[in-house]
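Thank you all for coming.

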Amino acid sequence: MKRPRAAYDDVVIAVPVTVPYVRHSIRGAHWFLARALAELLKVSGLGKHQIDGLCVSSFTLAPDTAVGLTQHLGVTLRWLDHIPMGGACGIVALRRAARAVQNGDAQAVACIAGDTNHTDSFRLNLATFSQFARDAVYPYGSGGANASFAFLTAHYMRSYGAKPEDFGKLCVAQRDNALQFPHALMKKPLTLEEYLTARPIADPLRLFDCVMPCAGADAFLVLSRADAEELGLPYARILSTIERHNAFPDDPIQYRGGWALDRDELYAHAGIGPQDVDVLATYDDYPVISLMQMEDLGFCEKGQAPDFVRRHSFGVGGSFPVNTSGGQLSVGQAGAAGGFLGLVEIVRQLTGQALGGAVAGARTGLASGFGMINYDRGLCSGAALLAARGGPS
Amino acid sequence: MTRPLVRPPRKNPILRTRVPTLPPGGRSRVALGLTAGAARGRFELQVCRDCGAVQYPPREACLACLSSRLDWREQDGAGELLSETLLRHSNELFYRERMPWRLGLVRLDCGPVVVAHLHGDCEPAPSRVRVRAALDHAGQAALTAIPEKDTPNMADDRQLREMTCDPRFRKVLITDAKTPLGQALAAALAAAGADIVWAGYAEPWKKAPGFELLASIPQVSLLPLDLTDSRAVKDAAGEIGGRVDILINTADHHRNTGIAARNGVETARAEMDVNYFGLLRLAQEFAPAMRARGADGQSSAVAWVNLLSIFALSNFPPHGTYSASKAAALSLAQCLRAELSGAGVRVINVFPGPIDDEWNQLLPPPKIAPARLAGDIVEALRGGAEDIFPGDIAQEWLERWRDNPKALERELAAAR
């Protein structure tokens, strides 16, 4: 018999931190992670010794892991995790940290994700991303994720009638959101015309369908509600979370992610439905995957996302606010921090700390993660439903 | 439809010759199983001996039942193109210099989904395709999806031509064109559209029937070349070395003797002088220019073919010293392959069974006819393999050798 899941009673997420992104950096990943932790301490008022748990995600930390980082940053911990799950790392970090705090294995867990980006580090990371990538993908054109998402996008368009304009509408809306977000690397407005006529990268993908790799870091703190209140920290409550790895392995090509397998449990566990979500952060390295998340997380039926996109607007004042900081497509993809960006933004929206546009009266937010194109598809998916302090319980 | 290749214009000598770059060559050891099959012209995938599951990419365990008993078995490659892209941006120089590049995602009828280079004549997805494994410029197996049925000029596809050593519009040197095989090769290469065929010959005082007729083939140009003469090899390389796109070393000295049947080392030395040192001399003089011309436009230097023998795998005592010279040549050819690998020039080793010629007079049939062997060599150039075993005898010996090399050694000893 399936055992019931415990609620995340009295565990909260707080202190959303972004270390400003830069296109290229001569620093190491350690520098960005250190800045993230320092900012986390500064904002929270906690001393280094008061952080007893650390959760790290980074692609460019090698040869170190989270272990090396403890000595590098001079922290003594009783709980440590390293989550190499790319775009799902934020959700998974939250899940791990929340249970550790809930069960008393740690009191305050700093979750940090970040990467550097030298001019050649992106290529080197691609070439050795995974054994399957090295053996069976990278030798074929060496296009990286662009080629993989081109396959998925072409197939999705053919199957469900999505048009370039549909993806474009989302990208343009996110750029509008980004123009208000101080850390976004993309500072220029984007028109649909510019989107549609941009340089082709891997048909059907064009330039503005693809994230820009950059350097940067994001972080958040997981602690008990009582501690957060004592510290005077604005926080969001955790209603439910899910993660799934290698979902639907028999699908010949990815048209859905693990969310489709787990979303009923997500909403049942949270006690709410998709209609209750005020603000959504999709994992958005390419727009097709945002459309899949809208379907798989229950905002519309499978194959209906193109129509859903046509019917909605995605700005902070829109009918369906999505990626209100601009998302990775307009802020940039700072490696593993891309798995934190949406989650951190949802926390900001629910705690009245938005750095850019704020969704008025946002009580419930959903952050979604998706990561690791190991071979022909993304393997990791996850989502977290969060609520503002006085929101649904 | 693929547009037929047109003869490239003469090379502008003022322009810099582009330095060869390679597609990514890193593979896990288990993935080299695919390369081992492709090296022999076969598309093989891992098949679980316990549950029969077929899988790709290569793994250390069966995806279905976790068994470690995985065999590489030949597949027919039939499948459906699920999706495609035309890649216009690459992170690697090799592809960056060759953009755009068409790629497909194919579901094989036997189960797995593969990423493959996609031939220009494949219909848009969803469509039926055939997947083939061939060695790419890095010498590693690469999968290419081609149309379900052959199309006109399909060998001229720009991407496919990067995977093959097609002689069309290329310049070929046959080191010894006097033999029946050499003559048949010259004719076959001319028929295959080679631009120039240099027909090498040694010992001009020794007339070979038919050889002079070669000169009547328009593409053929006779070239004095004696592989036992270091100076002659150097001179030939000085004259044509910078233009040879495909070198086919057919020079072969063959006597029927073991150890006890003949005193002294003169015969064995003569065999080694042609079969081993001849290759070494050739490689020292011709390989450097070919290495530099691995990316020299549409008709770059692409292949070096060695006529070895199935006897190179395991000694055939009645032709014992000859076998030894071919084994030495095989070892040297592996060295040459390593040294040419950085330029993407493929070293193709040909391991025929006994050729139907005078030095194999006493061997019973089947013996491979020179014209048939020439055809197989041209086919190998058009394909993606690097080790070929033409003829029934070679195929059988190979199978016996792969199955149990010690058993083959005993069987050949008994043939004495």
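This is a predicted model: local features need pLDDT of at least 70, side-chain atom pairs count only at pLDDT 80 or more; totals for chains, interfaces and linings use all residues.

Let me begin with a definition: a residue is called buried if 20 or more other C-beta atoms lie within 10 Å of its own, exposed if 12 or fewer do, and partly exposed in between, with the C-beta atoms placed from the backbone. Residues are numbered from 1 along each chain as its sequence is written, and chains are lettered from A and ligands numbered from 1 in the order in which they are written.

With that definition in hand, take B:F169, which counts as partly exposed because it has 17 C-beta neighbours inside 10 Å. B:F169 has a positive phi of about 60° although it is not a glycine, and it sits in the loop between helix 3 (158–163) and strand 9 (171–174) of chain B. Helices here are DSSP runs of H or I with at least four residues, strands are runs of E with at least two, and both are numbered from the N terminus.

A:N246 lies in the loop between strand 8 (235–245) and helix 10 (259–270) of chain A, and it is partly exposed, with 13 other C-beta atoms within 10 Å.

Another cis peptide bond joins B:P365 and B:P366, with omega about 5°, and B:P366 is found in the loop between strand 14 (346–350) and helix 10 (370–382) of chain B.

Now to the domains, whose bounds come from an automatic or database domain assignment. Chain B is divided into domain 1 (32–163) and domain 2 (171–414), and the C-alpha centres of these two domains of chain B lie 30 Å apart. Counting two residues as in contact if their C-beta atoms, placed from the backbone, lie within 7 Å, 10 residues of domain 1 of chain B are in contact with 10 residues of domain 2 of chain B. On the domain 1 side of that contact, the elements giving two or more residues are helix 1 (32–39) and strand 7 (127–135) of chain B.

In chain A, the assignment gives domain 1 (11–120 + 215–231) and domain 2 (130–212 + 236–334 + 344–387). Their C-alpha centres lie 23 Å apart, and 26 residues of domain 1 of chain A are in contact with 27 residues of domain 2 of chain A. Strand 1 (11–22), helix 3, strand 4 (108–115) and strand 7 (215–224) of chain A each give two or more residues to the domain 1 side.

How many residues of chain B are in contact with chain A? There are 30 of them, in contact with 30 residues of chain A. Strand 4 (78–87), strand 5 (101–108) and strand 6 (113–118) of chain B each supply at least two residues of the side of chain B that touches chain A, and the largest share, six residues, comes from strand 4 of chain B.

Finally, let us look at how two helices of chain B pack. Helix 11 (residues 392–403) and helix 12 (residues 405–414) of chain B meet at an angle of about 130°, with their axes 5 Å apart, where axes are lines fitted to C-alpha atoms, for helices over the stretch in contact, and angles run from 0 to 180 degrees between N-to-C directions. That makes helix 11 of chain B oblique to helix 12 of chain B, because angles under 35 degrees count as roughly parallel, over 145 as roughly antiparallel, 65 to 115 as roughly perpendicular and the rest as oblique. The contact is made by B:W397, B:R400 and B:W401 of helix 11 of chain B and by B:P405, B:A407, B:L408 and B:E411 of helix 12 of chain B.
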